Amino acid sequence: MLLPGDGIGPEIIAEAVKVLEAVDKKFKLRLKFDEELIGGAAIDAHGVPLANATLEKCRTADAVLMGSVGGPKWDGLDSSIRPEKGLLKIRYELGLFGNLRPAILYPQLADASSLKRELVAGLDILIVRELTGGIYFGEPRGIRLLESGERQGYNTYVYAEHEIERIGRVAFEMAMKRNKKVCSVDKANVLEATVLWREVMQALSKDYPDVELLHMYVDNAAMQLVRAPKQFDVIVTGNMFGDILSDTAAMLTGSIGMLPSASLGKDGRGLYEPVHGSAPDIAGQSIANPLATILSAAMLLRYSLSEARAAQAIEKAVGKVLDQGLRSADIYSEGMSKVSTVELGDAVVAAL
Ligand code: NAD
């Protein structure tokens, strides 16, 4: 199921579809595509950011590939029908509790990072963020009026053991296929919910004797990510800490336009999307970088369709295109060839 969404969403999804069609032909995958609206586009058409009929179609699809949602046109709407609600709803309704965000620095782009080349060259971190619990969903929540007449905002940070265990398992399983190191990030010195988080991770680690488990407070993790990011292999953390740390990790790689993500449920189904937003400032100009979405399509093939060969072929083709010196504006540097969204997509297809 394709959900292009808003802003640059339709432009980058079109390129990812071209690439999927190319691997479909090459590996005889027999992919079938369906397309629906989400976010602001769905609000304009149906009055809601995610129509029930769209949600039902997503439930029956093997995987969902999304562009991005949101934009200034819908910023003034009531928070209950904002474009982002569509995204939160689909994650929640499909039970997509595990967000995988790789932060990989292609050696060709090492100079685009805000950190020194030697600190980031060869960086390959996987952040595993819990996505359907924690303070973003905890009840009670709201803004209430106190007796004093002052307003008070409040949210609830909650995690049940099973929520911690299932995201922990994702992290340990991923680590088994990588460098066998898990860093669990919490704030166990202040928040009881994360004392439990730490205990559950510790207990779970007994099932994975080959994986080294380390615990780190979130403030230290933020510092270590910009001090010596290559010390990490897999980082596992809750919804809010993961939101913040994965954006920091994203910037280590130079451009948010290069980073894919996967949100996985229990049965292997998943939603795949670039880490970046709808970039309304550059929408419609064919200058957006489609590679994050193309790499998200590769993750879709790997994790939801078990087509690792096709996924690898896409990842290799992206590397080849970077070797050829082709760059969208966000990753452009002197001496390279600046190309449009469509040209970059075409180049990946040609490299395949
Ligand atoms: P953004 O990621 O859309 O843009 C931040 C900056 O990065 C902008 O300068 C943009 O031009 C640039 N950028 C982003 N993607 C790019 C790409 N593929 N190629 C080249 N440059 C790219 O974040 P924002 O500006 O904070 O948010 C814009 C809108 O997107 C808001 O409505 C926000 O709510 C929404 N948003 C949606 C998602 C999502 O759908 N998952 C995530 C984040 C933000």
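Asp233 sits in the loop between helix 8 (218–227) and strand 9 (234–237). The model is predicted. Asp233 is buried, because its relative accessibility is 3% and the cut-off for burial is under 20%. A polar atom of the Asp233 side chain lies 3.2 Å from the backbone nitrogen of Lys181. Lys181 is also among the residues that Asp233 touches.

Now step back to the whole chain. The protein chain has twelve helices and 13 strands. Its radius of gyration is 20 Å, close to the 20 Å that the globule rule gives for 352 residues, so the chain is as compact as a globular protein of that length. Along the principal axes, the C-alpha atoms fill a box of roughly 60 × 50 × 40 Å. Of the 352 residues, 53% count as buried. Contacts can also be sorted by sequence separation. Among contacts with a separation of 6 or more, 74% join residues 24 or more positions apart. The accessible surface of the chain comes to about 15900 Å². Carbon and sulfur atoms account for 52% of that surface.

Helix 11 covers residues 308–323, which makes 16 residues. From first C-alpha to last, helix 11 reaches 22 Å, close to the 22 Å expected at 1.5 Å a residue. Which residues of helix 11 are buried? They are Ala310, Ala311, Ala313, Ile314, Ala317, Val318, Gly319, Val321 and Leu322. What covers these buried residues? The cover includes three helices: helix 1 (9–27), helix 10 (291–303) and helix 12 (341–351). Strand 12 (326–327) is also part of the cover. After helix 11 comes Gly325, whose phi is positive, near 85°.

Charged pairs come next. A search of the whole structure finds 21 salt bridges. One of them joins Lys73 and Asp44, with the closest N and O atoms 2.6 Å apart. Lys73 lies in the loop between strand 2 (63–68) and helix 4 (83–93), and Asp44 lies in helix 2 (residues 40–46), so the pair ties together parts that are 29 residues apart in sequence. Is Lys73 buried or exposed? Lys73 counts as exposed, at 60% relative accessibility. Asp44 is partly exposed, with a relative accessible area of 44%.

Arg117 and Asp111 form another salt bridge, at 3.3 Å from N to O. Arg117 counts as partly exposed, at 42% relative accessibility. Asp111 counts as exposed, at 62%.

Asp267 and Arg269 also pair up. Their closest N and O atoms are 3.9 Å apart. This still counts as a salt bridge because the cut-off is within 4 Å. Asp267 is exposed, with a relative accessibility of 57%. Arg269 is partly exposed, at 32%.

Salt bridges can also link up into a network. Glu15, Lys18 and Asp346 are joined in this way.

Conventions
Residues numbered from 1 in each chain as written. Predicted model: local features only at pLDDT ≥ 70, side-chain atom pairs only at ≥ 80, totals over all residues. Heavy atoms only, no water. Salt bridge = Lys/Arg side-chain N within 4 Å of Asp/Glu carboxyl O. Helix = DSSP H or I, 4+ residues; strand = E, 2+ residues; numbered from the N terminus. Buried < 20%, exposed > 50% of the residue type's maximum accessible area, 1.4 Å probe, protein only. Expected span 1.5 Å × (residues − 1). Contact = heavy atoms within 4.5 Å. Polar contact = N/O pair within 3.5 Å; in protein donor to acceptor, adjacent residues only side chain to side chain. Rg over C-alpha atoms; globule rule 2.2 N^0.38 Å. Areas by Shrake-Rupley, 256 points an atom, 1.4 Å probe, with all protein chains shown as cover. Lists of a residue's contacts leave out its neighbours within four places in sequence.
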